[in-house]
Amino acid sequence: MKKVAVIGSGTMGNGIAHTFAQYGFEVSLIDINNEALQRGLKTISTNLDKQVKKEVLTEADKTDILNRITTFIDLKTGVTGVGLVIEAATENQEIKLDIFKQLSDICGNETILATNTSSISISQIASVTNRPENVIGMHFMNPVPLMKLVEVIKGKNTSAQTIQTIMQLSRQLEKIPVEVNDAPGFVANRILMPMINEAIFTLYEGVSGVGEIDTVMKLGMAHPMGPLQLADFIGLDVCLAIMNVLYDGFKTDKYAPCPLLIDLVNAKQLGIKTGSGFYKYTPGSKDMVVADRFV
């Protein structure tokens, strides 16, 4: 398996494509239009420049990595001849199910179909295909080139061979794969997202401010980033989508998303991607200040 396809060139998709190409794989990067693909390639190039600056890679390495990535806007053409497809589209169940229905029809019978979903049931995604034994979750962490963990999520019908292949493939990328069972949020987001949601409730209820909440968690719990800043980094829309999956899956108020999170998403204040969430961000800079509404 030296050729893979990645569907989606956003934050996770371009990071996954970058990582596979860095480790010698030929990558088909697929998205709905060339503008999205060019943004994805630009991000990959920028991140490769950082690796060159840190002397992790050379300029020649960067050129070789970029040359191993080919872009496509046609799904069928992009997945032709690949041994693995990784879907990294937006965290929307309908979109993912539609993609997997199409993949089931156009990919070879031996092709493994993986999803980078943060929370959606692998078994449900597999149910719309004609090869549920070949469907698996491959949940990378952001930023993909740097973070070591890969959650490998097995659906009810995922075969032992598929699990073994993906575990070994993850190790080829110098990642540390952890096998988990299919459940809402899996392990990472079942634990992380309620913590972020509780931090938002703490702000919503006036217990403390944005900077103060993040400082408590950074200094008191040794977290590298506070939960509100992390929510901005993930994307508040993604956080809400995951909380909704948890809430729908477990049917308990324990997982009900905070009204403030819903309000921010409705206002399109989604964090770094829109320039404002709990913090306000300066484009092209690491500078940030608490967003005006929370000052």
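This is a predicted model: local features need pLDDT of at least 70, side-chain atom pairs count only at pLDDT 80 or more; totals for chains, interfaces and linings use all residues.
**View 1. Helix H8 packs against helix H12.** The axes of H8 and H12 cross at roughly 95 degrees and come within 8 Å, and because this angle falls in the range of 65 to 115 degrees, the two helices are described as roughly perpendicular to each other. On the H8 side the contact is made by Asn197, Ile200, Phe201, Leu203 and Tyr204, and on the H12 side by Pro259, Leu260 and Leu261. Sorted by class, the residues of this contact are 7 nonpolar and 1 polar, with no charged residue.

**View 2. Helix H8 also packs against helix H9.** Two packed helices are described by the angle between their axes and the distance between the axes. For H8, which covers residues 188-204, and H9, which covers residues 210-221, the angle is about 140 degrees and the axes are 10 Å apart. The two helices are therefore oblique to each other, and their crossing is right-handed. The residues that meet are Met195, Ala199, Thr202 and Leu203 from H8, and Val210, Ile213 and Met217 from H9. This contact divides into 6 nonpolar residues and 1 polar residue, and no charged residue takes part.

**View 3. Helix H9 packs against helix H10.** Helix H10 is formed by residues 227-234, and its axis and that of H9 cross at roughly 105 degrees, coming within 7 Å. H9 and H10 are therefore roughly perpendicular to each other. From H9, the residues Val210, Ile213, Asp214 and Met217 meet Pro227, Leu228 and Gln229 of H10. By class, the contact of H9 with H10 consists of 5 nonpolar residues, 1 polar residue and 1 charged residue.

**View 4. Met193 is a buried residue of helix H8.** Met193 lies in helix H8, and because its relative accessibility is 1%, it counts as buried. When neighbours within four places in sequence are left aside, Met193 is in contact with Ile234, Cys239, Ile242, Met243 and Leu246.

View 5. A disulfide is a covalent bond between the sulfur atoms of two cysteines. A search of the whole structure finds 0 disulfides. Cys258 is accordingly in no disulfide, and the nearest cysteine sulfur to its own, that of Cys239, is 12 Å away. Cys258 has a relative accessible area of 0% and is therefore buried. Cys107, at 9% relative accessibility, likewise counts as buried.

**View 6. Thr70 sits in strand S3.** The strand S3 that holds Thr70 runs over residues 69-72. Thr70 has a relative accessibility of 40%, and so it counts as partly exposed. Setting aside the neighbours within four places in sequence, Thr70 is in contact with Val27, Ser28 and Leu29. Thr43, which is 27 residues from Thr70 along the chain, has its C-alpha atom separated from that of Thr70 by 15 Å.

**View 7. A cis peptide bond joins Asn142 and Pro143.** The omega angle of this bond is about 0 degrees. Pro143 belongs to the loop that lies between strand S6, residues 135-140, and strand S7, residues 149-154.

View 8. Glu174 is not a glycine, yet its phi is positive, at about 60 degrees. This residue is placed in the loop between helix H7, residues 160-172, and strand S8, residues 176-181. With a relative accessible area of 46%, Glu174 is partly exposed. Lys251, also a residue other than glycine, has a positive phi near 55 degrees. Its place is in the loop between helix H11, residues 236-250, and helix H12, residues 259-266. Lys251 has a relative accessibility of 68% and therefore counts as exposed.

Definitions and conventions. Residues are numbered from 1 along each chain as its sequence is written. Side-chain values use heavy atoms; hydrogens and water are left out. Helices (H or I, at least four residues) and strands (E, at least two) are DSSP runs, numbered from the N terminus. Buried means under 20% relative accessible area, exposed over 50%, partly exposed in between (1.4 Å probe, protein chains only). Contact means heavy atoms within 4.5 Å. A disulfide is a pair of cysteine sulfur atoms within 2.5 Å. Axes are lines fitted to C-alpha atoms, for helices over the stretch in contact, and angles run from 0 to 180 degrees between N-to-C directions. Angles under 35 degrees count as roughly parallel, over 145 as roughly antiparallel, 65 to 115 as roughly perpendicular and the rest as oblique. A crossing is left-handed if the near helix is turned anticlockwise from the far one by less than a right angle, and right-handed if clockwise. Ala, Val, Leu, Ile, Met, Phe, Trp, Tyr, Cys and Pro count as nonpolar, Asp, Glu, Lys and Arg as charged, and the others, Gly among them, as polar.
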